[in-house]
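I set out to read this structure step by step and to keep a record of each thing I looked up. The entries follow the order of my reading.

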Amino acid sequence: GRCFHVAWIFFSLFYLFFLPSHCFYLPGVAPEDFKTGDPLLVKVNKITSTKTQLPYSYYSLPYCQPDHIVDSAENLGEVLRGDRIENSPYTVFIMRESRMCNVVCRKVLDKKAAKAFKEKIDDEYRVNMILDNLPLVVPIRRPDVENAVVYQHGFHVGLKGKYSGSKEEKHFINNHLAFTVKFHKDPLTETARIVGFEVKPFSVKHEYEGEWNTKTRLMTCDPHAKRAVTSSESPQEVEEKEIIFTYDVEFQESDIKWASRWDTYLLMADDQIHWFSIVNSLMIVLFLSAMVAMIMLRTLYRDISKYNQLETQEEAQEETGWKLVHGDVFRPPTNFDLLCVYVGTGVQFFGMILVTMIFALLGFLSPSNRGGLMTAMLLLWVFMGLFAGYSSARLYKMFKGANWKSITLKTAIKFPATVFAIFFVLNALIWGQKSSGAVPFGTMFALVLLWFGISVPLVFVGSYIGFKKPVKEDPVKTNKIPRQVPDQPWYLHPAFSILIGGILPFGAVFIELFFILTSIWLHQFYYIFGFLFIVFIILVVTCAEITVVLCYFQLCSEDYQWWWRSYLTSGSSALYLFLYAAFYFFTKLEITKLVSGMLYFGYMLIVSYAFFVLTGTIGFYACFWFTRLIYSSVKID
């Protein structure tokens with residue numbers, strides 16, 4: 001059964017990489033059919049800005065409100081992302097019935113309301129809405145390419161501009177929305193499915209005659225006179241005066257099938273860049289693989305042929321360099337308990353990322369499943385605690401440690417506690433800004449419960465199993481007295497070789513990293529999990545190989561302290577990741593607020609820390625396997 005299972009996974013991966021994915025529905029998201037005349041429910045989501053990175057709920061601005069505001073149930077991932085999905089006052093959406101000039105309400109702004117709108121316009125906030133699980137987009141024509149349209153998420157709250165002949169900058173609000181709902185008709189049943197939700201926002205100073213009441217007809221937008229709003233109208237200023245909010249709904253038939261309705265959102269213009277990045281990374285991998293192969297051949301092959309053909313004395317010296325330290329190479333390092341904790345945490349991370357990616361490849365975590373990625377990663381992290389406990393306990397027992405309970409507790413708590421502390425401070429900052437991105441107390445409690453209720457016990461279970469298993473014997477005996485390490489040349493100095501070791505793993509992933517950062521901080525969709533999976537494999541191979549190569553050089557110069565060094569060699573790529581994040585912040589983002597900057601660097605610190613633990617563990621296990629392999633082939637007299 002197992003072989004079949006593996007074969008099935010390989011087939012699925014092949015299918016996902018090389019066949020177009022237009023033909024299957026996403027699990028967990030079923031299409032909904034609408035008849036003509038069915039009412040449609042438009043929901044409002046958070047308002048967002050790439051300038052401040054602080055989301056707010058829609059009704060934090062003095063927009064028109066429905067009679068009752070109803071929250072839609074959100075999953076854990078959505079809450080952590082700051083999504084707040086509520087019902088909207090846009091109620092005249094009737095399937096396949098276009099309606100012009102619907103008045104939502106008339107608002108008279110006071111000073112506070114006008115100030116709120118102006119602040120959000122200054123910070124370039126966008127309003128997000130949802131219809132039938134599709135986010136609202138604004139189509140924008142690209143001038144450089146014919147018939148090419150880019151979609152932007154949500155429409156701007158308003159814009160700043162000057163009247164001709166005036167120097168003073170004014171704030172204008174987008175108070176008229178022309179919605180377009182695209183539908184795909186089933187020729188047999190006459191029902192239709194929604195495949196697109198677009199809007200063109202306008203700023204219009206509406207005019208009417210007489211006193212305002214519910215039956216007042218607008219002169220600037222009149223369905224009876226077939227007078228529609230165009231961009232030539234005089235715009236609506238944000239001042240302490242009345243604003244009338246209106247909208248049009250138009251229905252258009254479309255050829256897009258329901259299954260591929262997300263494709264327009266996910267169009268990526270830069271596929272070439274991804275292929276370029278992968279080819280570039282493969283070059284690094286090939287170069288390293290050649291080096292590893294050479295080292296393997298030299299060390300193992302020479303050994304098998306019993307060194308009969310040792311040409312010169314010098315070569316004999318170099319070859320035996322690593323053999324001379326055989327009595328010390330498996331001596332437990334200083335602070336070995338901390339090393340066990342970090343290795344356990346890294347295994348937990350590796351498991352989480354691997355399984356998340358496989359799920360994502362199989363289409364379970366598509367963008368239509370809002371918050372799915374976050375939720376999946378959290379739950380997987382919790383359940384991977386089992387492997388964390390197991391691997392840290394196995395290593396600890398190998399180092400002849402006796403106090404397995406303390407090591408287990410540290411494994412279960414050290415990393416999450418650090419992340420939680422940073423997260424808590426950041427959350428307090430967001431909370432101080434009254435943003436909806438702040439995680440509510442209830443959710444915080446749920447996270448702590450997940451951690452102590454499920455993760456910690458699982459780490460203990462894994463640790464217990466790991467500690468019960470017999471330890472593998474070291475291939476060579478360790479001497480009683482530690483051997484002196486000779487003076488090392490400058491290029492084998494720990495600090496230098498550790499910093500060099502991090503460059504290649506970082507180089508292998510940094511182009512993909514650019515896209516991931518863009519999707520997080522510039523609010524674009526990231527969905528190219530196929531590329532990401534290849535890049536992840538390349539990262540694992542690069543980390544393993546660079547560590548093995550540097551570890552070999554180190555042992556050849558009779559320096560046997562490789563345990564921590566192997567972890568830090570590939571782990572140092574996290575330092576480069578953080579520096580790149582800082583570079584990205586100053587070159588690509590327009591963040592000016594102090595709080596937003598602190599948020600950015602706080603979250604990137606968490607990401608870099610996680611990356612350190614992941615890459616360090618990969619390097620450590622590669623080196624561990626390598627030393628056991630080469631020393632097991634040595635015949636010690």
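**Entry 1. The whole protein.** I noted before counting that helices (H or I, at least four residues) and strands (E, at least two) are DSSP runs, numbered from the N terminus. On that basis I found 15 helices and 13 strands in the protein. I also recorded that the model is a predicted one. I looked up the extent of the protein, and its C-alpha atoms fill a box of roughly 105 × 55 × 50 Å along the principal axes. I then looked up burial: of the 637 residues, 51% are buried. The accessible surface comes to about 31,900 Å², and carbon and sulfur atoms account for 63% of that surface. I next took the contacts between residues at least 6 apart in sequence; 80% of them join residues at least 24 apart.

**Entry 2. The nonpolar cores.** I asked which residues touch the most other members of the largest nonpolar core. They are Trp 562, Trp 563, Tyr 600 and Tyr 631, in a core of 99 residues. Helix α12 (residues 529–556) gives the most to this core, namely 18 residues. I noted that domain 2 (335–470) and domain 3 (507–631) each supply at least three residues to this core.

I then returned to Tyr 600 and set aside its neighbours within four places in sequence. Tyr 600 is in contact with Leu 517, Trp 521, Ala 581, Tyr 584, Phe 585 and Leu 589.

**Entry 3. Helix α3.** I checked the length of helix α3 (residues 111–122) against expectation. At 1.5 Å a residue, its 12 residues should span 16 Å, and the end C-alpha atoms are 16 Å apart, which agrees.

I asked which residues of α3 are buried. They are Ala 113, Ala 114, Phe 117, Lys 120 and Ile 121. Seen down the axis of α3, the buried residues fall within an arc of 130 degrees, so they line one face of the helix. I recalled the general rule that an α-helix has 3.6 residues a turn, so residues three or four places apart point the same way. On the other side of α3, I found Lys 111, Lys 112 and Lys 115 exposed.

I looked up what covers the buried residues of α3, and the cover includes strands β1 (42–48), β9 (158–161), β10 (170–173) and β13 (242–253).

Notes. Residues numbered from 1 in each chain as written. Predicted model: local features only at pLDDT ≥ 70, side-chain atom pairs only at ≥ 80, totals over all residues. Heavy atoms only, no water. Core = buried A, V, L, I, M, F, W, Y, C linked by side-chain atoms within 4.5 Å. Buried < 20%, exposed > 50% of the residue type's maximum accessible area, 1.4 Å probe, protein only. Domains from an automatic or database assignment. Contact = heavy atoms within 4.5 Å. Expected span 1.5 Å × (residues − 1). Arc of directions from axis to C-beta. Areas by Shrake-Rupley, 256 points an atom, 1.4 Å probe, with all protein chains shown as cover.
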